[in-house]
Amino acid sequence: MIDNKVTNILMAGVGGQGTLLASEILSEVLMQAGHDVKKAEVHGMAQRGGSVVSHVRFGPKVYSPTIPEGKADILFGFELLETYRYLSLVKPNGAVVVNNLRIAPPSVALGQSRYPDDIATKLRQHVSDVRVVDGLQLAEQAGNPRTVNTVLLGALSNVLEAANEQWLAAMRKLVPARFLDVNLRAFELGRAVKD
Amino acid sequence: MQKTVLSGNEAFARAAFEAGVMVASAYPGTPSTEILENIIQYDRIDASWAPNEKVSVEVAIGASMGGARALVTMKHVGVNVAADPLFTFAYTGVRGGFVLVAADDPEMHSSQNEQDSRNYAKFAKVPMLEPADSQEALDFTRLAFDLSEKFDAPVMVRSTTRLSHSKSVVTLGEPLAELPQTGLKRDPAKFVMLPGNARVRHPVIEKSLEELAEWACDQPFNRIEEGTGEVGIITAGVAYQYAREVFPEASILKLGLVNPLPKRLIREFAARYKTVYVIEELDPFIEEQVRAMGISVVGKEKVPLCGELSPGRLRQAFDLEEAHAPLATESLPPRPPNMCPGCPHRGVFYALNRLKAFVTGDIGCYTLGFMPPLSAMDSCICMGASVGNATGLAKVIGDEEQHKVVGVIGDSTFLHTGINGLIDMVYNKSKATLIILDNGTTGMTGRQDHPGTGYTLKGNEAFRVDLEGLCRAVGVEHVTTVDPYQMEETRLAIESAMKTPEVAVVITRRPCVLIKHDVLEKKAPLYVDVDKCTGCKACLKIGCPAIEWQPADGDGARGVAKVDRLLCTGCGICEQLCKFEAFGVCND
């Protein structure tokens, strides 16, 4: 599925979901796999519960830290609506790995608009490879609901070429020791999700 | 040397360590904040939060006078606050190397304007380097300290959000083994800027800038990447990355030093091409100076002046592709930023809304009090402005309206530049009211300590400014402190302050829900008893992300409220608004 020299992963979610560690591990793995890597995200006001995207790019040489519009190879979503919102930025032959989580935006919470129905089906109408991950359920199965992002990384690892050992090494380096075991379990559970 | 992935901000911090910096000072500001937060891993650097950017620059100037290398970091608008000492420090020059990292925020991801700091370098007559990735953030900042000492000048380094908050691969350098010798060294003719001394210094710095511009023409930080074709591109900073991506074959003059410009090099480069593009983010800073050299270029008539650049925007600008058409999906509910569940500011803005106050706001998370359904903010200009804005507004309106004017400011912002405004309020007998939202931290930038928290940047205990005492010391007679989780008490305190004919201050004190130091009382989440909920929607009026309307029919007019127990912090504000006792506490 990867047809150009630089591969682009667009991460989409809700500010405050704590996607930072996931993108750190991802960048570390890609660097260890021998790629040039760039990652771009936003902090501050942009993070307060609003719609956020991060960009991860890797290849022999990466220039722009942000992904050219419409050129994402992988859309890595932490929440359904936010994944759907950025769907047009992913190539039709790309992949979507999405957390099966719904967080109501303000207008929905106030009863002024509706959360779109059946987003997974809508994603599949535009992109053939869509993997919906029950992040929270698998994280609880791993032993800690806070490992959702690691579960999602496990699922993402199936659409990237890095070796399992490189993922484990990155987690050993970046995850605090007391949370390592539960995160390794979470990663394995995510990696078992194939579609 | 070791290869690692660093953000621009982590690379700036590493550069300070490698360059032998002894003193680093800053006030937090997105996107610059993480530089100081990362610097504390290097024990030999005395790193601290200053109450504002002006103080941080003055502290660093002092360190430089003592012979040490010193770093200050700030967001673009922080340079406005720091400009006063900076402009005159340009005249005196340094003893130990001095570097100011200014982090711009094109696109205003987390800012109130998108001013271009390169103008400051030219205006203040200080050299400025502009790195394009984390490796250059490290290399250029080290270089900046060398330039500072070689050319006897404070040196600015410009960052942007896409540098500070982007990560890329960096090869680390060796730190200086020995720090510079420090000690008192008198040099009043250089450092005492009386007119007589300043008149001597001004021509010195003009000459020095000319020498730097000429010397820089032959330095590797200004480089030509040879390409093919008849177009040559002049660019700098992150804009270089977009230019390189969009024009992979073109010749590029990549400037590392953006002030002063290396004019001879630019002239030589431009002479080789039929067409020269200048690709830069925000203002036509390079473009205007190159045009003034008599060179015709293509610049802002094509490249957007507002917002940040991207490969797509650049391709569009040069007609290389159509605008990217979004998919024809349904219109999606927007997701603007919002205060966190359990945020202590929420109840205050609810009260201000009910009291129909005219609220002059300030910079912080609480600026989100503007958002519906709270909708209780009428202005927001800059750090500390709420206080002076309230004073001025109350001067020009009638008695009846005067009492509606309420300034709202956070604790960190109050100590930054709000206190001066309060002194003026009392001194000049304002009738406006001030609310200090004391959440015990600098919230928006990620919870940094300040002089009112009792802790330093390095986590050591410090004297904690007594806000009530401070207000009384400047002459405020009516100071009331309330817990903003107590809705009725909060509303009454604000109402009473608004009615008071003299200056009144209400301090709403409750720690930020995300705070680090205070061990917050963990409360069980709430739930809605659907049998008691009448669907009156009173609890929705606080805009809490943990409460969601559950429509019972097609148009959503009828229904019940539901609490998301994973998000709810049990603050109880919604419960106090419910007339039907429909909220209960989860006991499991």
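This is a predicted model: local features need pLDDT of at least 70, side-chain atom pairs count only at pLDDT 80 or more; totals for chains, interfaces and linings use all residues.
Which strands of chain B does helix α3 (residues 53-65) of chain B lie across? Residues are numbered from 1 along each chain as its sequence is written, chains are lettered from A and ligands numbered from 1 in the order in which they are written, and side-chain values use heavy atoms, with hydrogens and water left out.

**View 1. Helices lie across a seven-stranded sheet in chain B.** Helix α3(B) lies across β2 (21-26), β4 (69-75) and β5 (98-104) of chain B. Helices (H or I, at least four residues) and strands (E, at least two) are DSSP runs, numbered from the N terminus. α3(B) runs at about 170° to β4(B). Such angles run from 0 to 180 degrees between N-to-C directions; the axes are lines fitted to C-alpha atoms, for helices over the stretch in contact. Helix α4 (residues 76-92) of chain B lies across β4, β5 and β7 of chain B. α4(B) runs at about 145° to β4(B). The sheet itself is open, with the order β3-β2-β4-β5-β7-β6-β12 and mixed pairing. Two strands pair if DSSP finds at least two bridges between them. At the edges stand β3 (46-49) and β12 (257-259) of chain B, each pairing on one side only. Strand β6 (residues 128-129) and strand β7 (residues 155-160) of chain B are parallel and share two bridges. Opposite B:M128 stands B:M156 in β7(B).

**View 2. An open sheet takes strands from chain A and chain B.** Eight strands follow the order β6(A)-β5(A)-β4(A)-β1(A)-β3(A)-β2(A)-β8(B)-β1(B), and the pairing is mixed. β6 (129-133) of chain A and β1 (3-7) of chain B are the edges; each has a single partner strand, so one side of each lacks a neighbour in the sheet. On average, neighbouring strands here are turned by 20° against each other, direction ignored. β1(B) runs antiparallel to strand β8 (residues 166-171) of chain B, and five bridges join them. Contact means heavy atoms within 4.5 Å.

**View 3. Helices α1 and α6 of chain B pack together.** Helix α1 (residues 8-18) and helix α6 (residues 134-150) of chain B meet at an angle of about 30°, with axes 8 Å apart. That makes α1(B) roughly parallel to α6(B). (Angles under 35 degrees count as roughly parallel, over 145 as roughly antiparallel, 65 to 115 as roughly perpendicular and the rest as oblique.) Their crossing is right-handed. (A crossing is right-handed if the near helix is turned clockwise from the far one by less than a right angle, and left-handed if anticlockwise.) B:G8, B:A11, B:F12, B:R14, B:A15 and B:E18 of α1(B) meet B:S134, B:A137, B:L138, B:T141 and B:R142 of α6(B). The contact residues divide into five nonpolar, three polar and three charged. (Ala, Val, Leu, Ile, Met, Phe, Trp, Tyr, Cys and Pro count as nonpolar, Asp, Glu, Lys and Arg as charged, and the others, Gly among them, as polar.)

**View 4. Helix α7 of chain A packs with α8(A) and with α1(A).** The axes of helix α7 (residues 164-174) and helix α8 (residues 177-191) of chain A come within 10 Å and cross at roughly 150°. That makes α7(A) roughly antiparallel to α8(A). The crossing is right-handed. Among the residues in this contact are A:W167 and A:M171 of α7(A), and A:L184 and A:F187 of α8(A). The axes of α1(A) and α7(A) come within 9 Å and cross at roughly 130°. That makes α1(A) oblique to α7(A). The contact residues of this pair divide into eight nonpolar, two polar and three charged.

**View 5. Two cis peptide bonds in chain B.** One joins B:T30 and B:P31, with omega about 10°. B:P31 lies in the loop between β2 and α2 (34-39) of chain B. Another joins B:N259 and B:P260, with omega about -10°. B:P260 sits in the loop between β12 and α11 (263-271) of chain B.
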